[in-house]
Amino acid sequence: MRSILFLLLIVALRGSAHAQVLRYPDKAFELAQASGKKVMLVFSGSDWCIPCIRFNKQILSDSSFLSFAGDNLVLLEADFPQRKKIAAPLRLQYDSLAAAFNPQGAFPQVVLLSPGKKLLAYVPYREETPAGFISTLKHLLQ
């Protein structure tokens, strides 16, 4: 039953014009492997990091970015809030990703990964417009 629901999710996402930001690394990498898309992983501090909050509002909530991402990426956010609680198993997964791809603890930190969790690129974010960020991603995805 679970695999049927997962396949329906893949079909729905392929037919969808907009991506969703996923919170569960296992699901994100499964979807990336099934779809052949790269993973854009965002390390965020959603309730304390002002640049992270700006990135979420300016980029991750923008319809043009979500449309681009829907065609090209699987979006994954690893959130490290200070006030909210993250379930321990999920926090362990986030910690493992941070140890591998964000050992300096930079926020926000955006990385492109292969479906097999190999680092492809660090994505610079300079508080640009969604169009500017999409342009940067297009260059890195070539």
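This is a predicted model: local features need pLDDT of at least 70, side-chain atom pairs count only at pLDDT 80 or more; totals for chains, interfaces and linings use all residues.
The structure holds 4 salt bridges, a salt bridge being a side-chain nitrogen of Lys or Arg within 4 Å of a carboxyl oxygen of Asp or Glu. Residues are numbered from 1 along each chain as its sequence is written, and side-chain values use heavy atoms, with hydrogens and water left out.

Let me take three of these salt bridges in turn. Glu77 pairs with Arg23, and their closest N and O atoms are 2.6 Å apart. This pair links distant parts of the chain, since Glu77 belongs to strand E3 while Arg23 sits in the loop between E1 and H2, 54 residues apart. Helices here are DSSP runs of H or I with at least four residues, strands are runs of E with at least two, and both are numbered from the N terminus. Is Glu77 buried or exposed? Glu77 is buried, because its relative accessible area is 4%; buried means under 20%, exposed over 50%, and partly exposed in between, with a 1.4 Å probe and protein chains only. Arg23, at 37% relative accessibility, counts as partly exposed.

The second salt bridge joins the side chains of Lys84 and Asp79, at 3.5 Å from N to O. Asp79 counts as buried at 5% relative accessibility, whereas Lys84, at 47%, counts as partly exposed.

Arg91 is partly exposed at 31% relative accessibility, and Asp95 is partly exposed at 34%.

Helix H5 brings me to helix packing. Two packed helices are described by the angle between their axes and the distance between the axes. Helix H2 (residues 25–35) and helix H5 (residues 88–101) pack at about 60°, with their axes 10 Å apart. Axes are lines fitted to C-alpha atoms, for helices over the stretch in contact, and angles run from 0 to 180 degrees between N-to-C directions. H2 and H5 are therefore oblique to each other; angles under 35 degrees count as roughly parallel, over 145 as roughly antiparallel, 65 to 115 as roughly perpendicular, and the rest as oblique.

Which residues in H2 meet H5? Pro25, Asp26 and Phe29 in H2 meet Leu90, Gln93, Tyr94 and Leu97 in H5, where contact means heavy atoms within 4.5 Å.

An open sheet is formed by 5 strands in the order E1-E3-E2-E4-E5, with mixed pairing; two strands pair if DSSP finds at least two bridges between them. Strand E1 (21–22) and strand E5 (119–123) stand at the edges with a single partner strand each, so one side of each is left without a neighbour in the sheet. Strand E4 (residues 109–113) and E5 run antiparallel and are joined by 4 bridges, and Leu113 stands opposite Leu119 in E5.

Helix H2 packs on this sheet, touching E1, strand E2 (38–44), strand E3 (73–79) and E4, and its direction makes about 165° with that of E3. Helix H6 (residues 130–141) also packs on the sheet, where H6 touches E2, E3, E4 and E5, and its direction makes about 155° with that of E5.
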